[in-house]
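Reader: I'd like to learn how to read a model like this one, feature by feature. Can we walk through it together?

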Amino acid sequence: MGVGSRSLFVGTLVHSKSLEELEYLEDIAVFVDENGVIAAIQTKYSKATTEEVDAIFQKLGWAREDVVVKTAKNGEFFFPGFIDTHIHASQYANAGIFGKTTLMDWLNTYTFPMEASLSDAFKAKTVYSRVIQRTISHGTTTAAYYATISVPSTNLLADLCLSFGQRAFIGRCCMDTMAPDFYKDESPASAIADTRATIAHITNIDPKHALVTPIITPRFAVSCTSKLLHGLGALQKETDLPVQTHISENKNEIKLVKELFPDHSSYTHVYDGHGLLGPKTILAHAVHLSEEEVDLVKIREAKISHCPASNSAITSGTAKVRMMLDKGLQIGLGTDMSGGYSPSILEAAKQAHLVSRHVAMEGDDNTKLSVEEVLFLATKGGSQVVGLSDKIGSFGVGMEWDAQLISLGSAADPVEEGLGSVDVFGWESWEEKMAKWLFGGDDRNTLAVWVKGRLVHERKI
Ligand code: GUN
Ligand code: FE
């Protein structure tokens, strides 16, 4: 990606200070350099004298006229871009279509045929272009994508992310068993060779993985032979690339894993025993993990992608997020589209909030997640899960400008009213505004989105 312009973002910033607390920084100016890195942050900007502002420009060696200024209006705020830690780009055309299925029949009925059909390059280009643009318009600046088993179509997803400017992890899906003949790897060796081919392609188009990174993707233990899992574990060791997979999503799936891997004492042990459970591993779902398994995940420093919309839609269960947080796991949110019906991480955050109340209804009120906590999972938590918490997920000098500009429509203003789906009357506190955004907001509130300082979306009103 080429070098962009220097920018100055002025207005209110909101981001997570901790799991429990959002920070509201009003009257801020953020200086973003041509590489998308935050070079300086000035507080009380409107009160700063011309000399004080000139001093920052001088220190940075920038000329004022070189800088593009974007000012958030009253009632608008900059928020870190959302991080989708688990999404199947190849299933986007099925979003919302799941009937009464649960995991295993959902895979066979809807998912495998759809994914297989994307070996058609034209179809893949159509679907992937749409899913990238759609998720960006919902504020997703980083996505950990599953593509398909097809190398050309997986490579195309990486090309498109790079050209649309979305930060992404791109996984070529590995599955050499328990899959239909029309959609299955020929052998462990061919699956590994194909994974290497996508790694080579992505490293060729983005040598430093500045925006697009390959991710080793065994679909799940059920669809991989032990030989393939060992091979992918060895590949991880060799390349130090991240890994993504599914774990403990559905009770029938867990039973099947027990039957297929009788020598391993749990689903988590299967991945651990194949060298696939480490600090760079993203485990999606983790609905039914035992406390002992959670302890092993913690010891290995593997990460969790919580996918509440999917877990409800395909009837997988309620993940015990509070228990996993209390045990010190790092957790982000995933849409898991199209197990999940929505491309929106704001929707995933809302569903995480509601699902935590279903867990509470089983007896422990402490399991409820707050608005602040689910917005943490959507941003900073996600950045931990994808291993980029020093760069994205919140704002600070030295971090990169992956951000969205949010407007909550004003009930009092007929023009602003058209902007979003939330009515703000003017007397709400920041805490109340964030709750209104979470529960009433959608992509209409997302006015603009930047990745690495580059404008990647602007809402047309
Ligand atoms: N387990 C294996 N494959 C999948 C998938 O595509 N989606 C979900 N939700 N679970 C899976
Ligand atoms: Fe999934």
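This is a predicted model: local features need pLDDT of at least 70, side-chain atom pairs count only at pLDDT 80 or more; totals for chains, interfaces and linings use all residues.

Reader: How many nonpolar, polar and charged residues does the shell around ligand 1 have?

Author: By those classes, the shell around ligand 1 has 3 nonpolar, 5 polar and 3 charged residues. Among the residues around the ligand are His 88, Arg 219, Phe 220, His 246, Glu 249 and Asp 336.

Reader: Which helix gives the most to that shell?

Author: Helix 2, residues 103-117, gives the most, with 3 residues.

Reader: Now a sheet, please. What do I look at?

Author: Start with the pairing. Strands of a sheet pair through backbone hydrogen bonds, either parallel or antiparallel. Here, 4 strands form an open sheet in the order 12-13-14-15, with parallel pairing. Strand 12 and strand 15 stand at the edges with a single partner strand each, so one side of each has no neighbour in the sheet. From one strand to the next, the twist averages 30°.

Reader: How many bridges join strand 13 to strand 14?

Author: There are 3 bridges between strand 13 (residues 281-285) and strand 14 (residues 303-306), and the two run parallel. Look for Ala 284, which stands opposite Ser 305 in strand 14.

Reader: And helix 6, how do I read that?

Author: Check the span, then the packing. Helix 6 (residues 226-239) has 14 residues and reaches 20 Å from its first C-alpha to its last, close to the 20 Å expected at 1.5 Å a residue. Its buried residues include Leu 228, Leu 229 and Leu 232. The buried residues of helix 6 pack against strand 9 (173-174), helix 5 (188-205), strand 11 (217-218) and strand 12 (243-247).

Reader: What happens to phi just after helix 6?

Author: Asp 240 takes a positive phi of about 60° there, in the loop between helix 6 and strand 12. Asp 240 counts as exposed because it has 8 C-beta neighbours inside 10 Å.

Reader: Where is Met 178 found?

Author: Met 178 is in the loop between strand 9 and helix 5. Met 178 has a positive phi of about 50°, although it is not a glycine. With 17 C-beta neighbours inside 10 Å, Met 178 counts as partly exposed.

Reader: Which residues does a cis peptide bond join?

Author: Met 337 and Ser 338, with omega about 10°. Ser 338 lies in the loop between strand 15 (331-333) and helix 12 (345-361).

Key
Residues are numbered from 1 along each chain as its sequence is written. Chains are lettered from A and ligands numbered from 1 in the order in which they are written. A residue is near a molecule or strand if its C-beta atom, placed from the backbone, lies within 6 Å of it. Ala, Val, Leu, Ile, Met, Phe, Trp, Tyr, Cys and Pro count as nonpolar, Asp, Glu, Lys and Arg as charged, and the others, Gly among them, as polar. The expected span of a helix is 1.5 Å times one less than its number of residues. A residue is buried if 20 or more other C-beta atoms lie within 10 Å of its own, exposed if 12 or fewer, and partly exposed in between; C-beta atoms are placed from the backbone. Two residues are in contact if their C-beta atoms, placed from the backbone, lie within 7 Å. Two strands pair if DSSP finds at least two bridges between them. Axes are lines fitted to C-alpha atoms, for helices over the stretch in contact, and angles run from 0 to 180 degrees between N-to-C directions.
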